[in-house]
Amino acid sequence: MAETKPLLRALSGETLPTPPIWMMRQAGRYLPEYRETRAQAGDFLSLCYNSDLATEVTLQPIRRYGFDASILFADILLIPDALGADLWFVTGEGPRLSTITTESDFAKLKGADDIHDHLAPVYQTVRNLAEALPDEVALIGFAGAPWTVATYMIAGRGTPDQGPAHQLMAENVTLFEALIDRLTASTIEYLSMQIRAGAECVKLFDSWAGSLKGEAFLKYAQAPAKRIIEEIKDRHPGVPIIAFPREVGENYVGFANATGADCVALDNSVSPEWAAANVQVDGCVQGNLKSSHMVTGGQALIDETRHIVEAFKNGPHIFNLGHGITPDADPANVQLMIDTVRGA
Ligand code: CP3
């Protein structure tokens with residue numbers, strides 16, 4: 001049967017008169033209804049592992065705005081948690097994990113096939129969503145890319161320059177590569193289970209790919225993405241994959257062909273004209289409005305939204321932000337962006 005959901009049509013390479021639209025972090029703290037449900041759950045991780053409440057927050061932006069896609073509510077750091085890395089979140093600061101810097105730290109991690117009991121609530125959330133979503137809304141599953149997840153596991157927290165991960169790569173490349181390998185295998189199992197539970201598309205977030213240069217980019221961002229995408233395509237033919245190697249600049253060129261991704265998500269450091277000429281030539285692209293427009297709104301938001309739609313109109317395009325929406329965004333600006341894209 002020919003695909004009818006706009007998001008899946010764009011992912012299969014169709015150029016649509018109006019691009020489908022969704023937003024990274026669309027379920028999040030800028031929405032009062034999210035803040036309310038999160039308070040009910042207790043903390044952020046409890047929300048991720050509570051299938052009923054995670055389903056509810058995933059649906060909130062769909063009800064409010066009618067986006068073309070819904071993204072599973074979870075976090076890229078649930079994989080390290082499932083591997084045994086003791087994840088917790090410090091309010092106002094971010095994630096903390098036990099660090100992986102020695103062979104004995106690594107030896108304590110579980111195997112790639114031993115994560116599913118821990119992640120069962122996430123698979124339940126996907127099943128709930130597959131049931132609850134309106135017919136035209138596509139369900140996106142996701143995982144963090146091995147490098148990005150490794151940067152948090154090695155440092156035990158977020159780091160501005162991913163210094164500890166680069167240091168381990170330099171000082172003990174065998175251990176570093178064993179971790180990347182474990183994460184690659186776990187990510188394949190995790191995404192595969194999300195698809196079996198009903199995800200119609202999956203996205204691989206490599207938020208820190210921009211700090212890998214040259215050979216390191218090829219070995220630790222591109223090669224793991226290729227291995228994950230090949231294996232997922234082998235197990236689940238026809239399920240499209242969006243890759244987001246954030247802030248890689250020139251390395252966006254050819255990334256879809258090198259990895260087999262159906263779509264490359266763009267951050268806002270590249271111009272839409274450049275990306276149309278250099279990246280969209282290989283297939284669908286997603287992006288790339290600056291998140292700060294969701295805070296500031298006004299004519300600048302309208303102008304830049306139109307600019308992006310115009311620049312990508314001759315090829316497959318999914319409208320999105322260049323990164324996640326921030327907690328200080330005004331929900332009314334999200335509606336203004338959607339109305340502008342849809343020409344309302
Ligand atoms: O996009 C969505 O709506 C789906 C859910 C989703 C979340 N995180 C929920 C979340 C997705 C796809 C992510 C991905 C994620 N998580 C990434 C990659 C994308 C990116 O933003 O670069 C990364 C690096 C993480 C790790 C992470 N999670 C950090 C560093 C933080 C703390 C910083 C922050 O924004 O508070 C989180 C927390 C987090 N993940 C929140 C949400 C809605 C905020 C938690 C809260 O409610 O307090």
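Leu301, Ile302, Thr305, Arg306 and Val309 in helix H15 are in contact with Asn333, Leu336, Met337, Thr340 and Val341 in helix H16; contact here is a C-beta to C-beta distance within 7 Å, with C-beta atoms placed from the backbone. By class, this contact has six nonpolar, three polar and one charged residues. Nonpolar covers Ala, Val, Leu, Ile, Met, Phe, Trp, Tyr, Cys and Pro, charged covers Asp, Glu, Lys and Arg, and polar covers the others, Gly among them.

The model is predicted: local features need pLDDT of at least 70, side-chain atom pairs count only at pLDDT 80 or more, and totals for chains, interfaces and linings use all residues. Residues are numbered from 1 along each chain as its sequence is written. Helices (H or I, at least four residues) and strands (E, at least two) are DSSP runs numbered from the N terminus.

| Pair | Axes come within | Crossing angle | Hand |
|---|---|---|---|
| H15 (298-311) and H16 (331-341) | 9 Å | roughly 40° | right-handed |
| H8 (146-155) and H10 (173-197) | 9 Å | roughly 120° | right-handed |

Axes are lines fitted to C-alpha atoms, for helices over the stretch in contact, and angles run from 0 to 180 degrees between N-to-C directions. H15 is oblique to H16, and H8 and H10 are oblique to each other. Angles under 35 degrees count as roughly parallel, over 145 as roughly antiparallel, 65 to 115 as roughly perpendicular, and the rest as oblique. A crossing is right-handed if the near helix is turned clockwise from the far one by less than a right angle, and left-handed if anticlockwise.

In H8, Pro146, Trp147, Val149, Ala150 and Met153 meet Leu179, Ile180, Leu183, Thr184 and Thr187 of H10. That contact has eight nonpolar, two polar and no charged residues. Helix H8 is mostly covered, with 10 of its 10 residues buried. Buried means 20 or more other C-beta atoms within 10 Å of the residue's own, exposed 12 or fewer, and partly exposed in between. Just after H8, Gly156 takes a positive phi of about 80°.

Lys290 lies in the loop between strand S8 (284-289) and helix H14 (293-296). Lys290 is partly exposed because 18 other C-beta atoms lie within 10 Å. Leaving aside residues up to four places away in sequence, Lys290 touches Asn268 and Gly322. Lys290 and Val309 are 19 residues apart in sequence and 14 Å apart in space, C-alpha to C-alpha.

Notes: Two residues are in contact if their C-beta atoms, placed from the backbone, lie within 7 Å.
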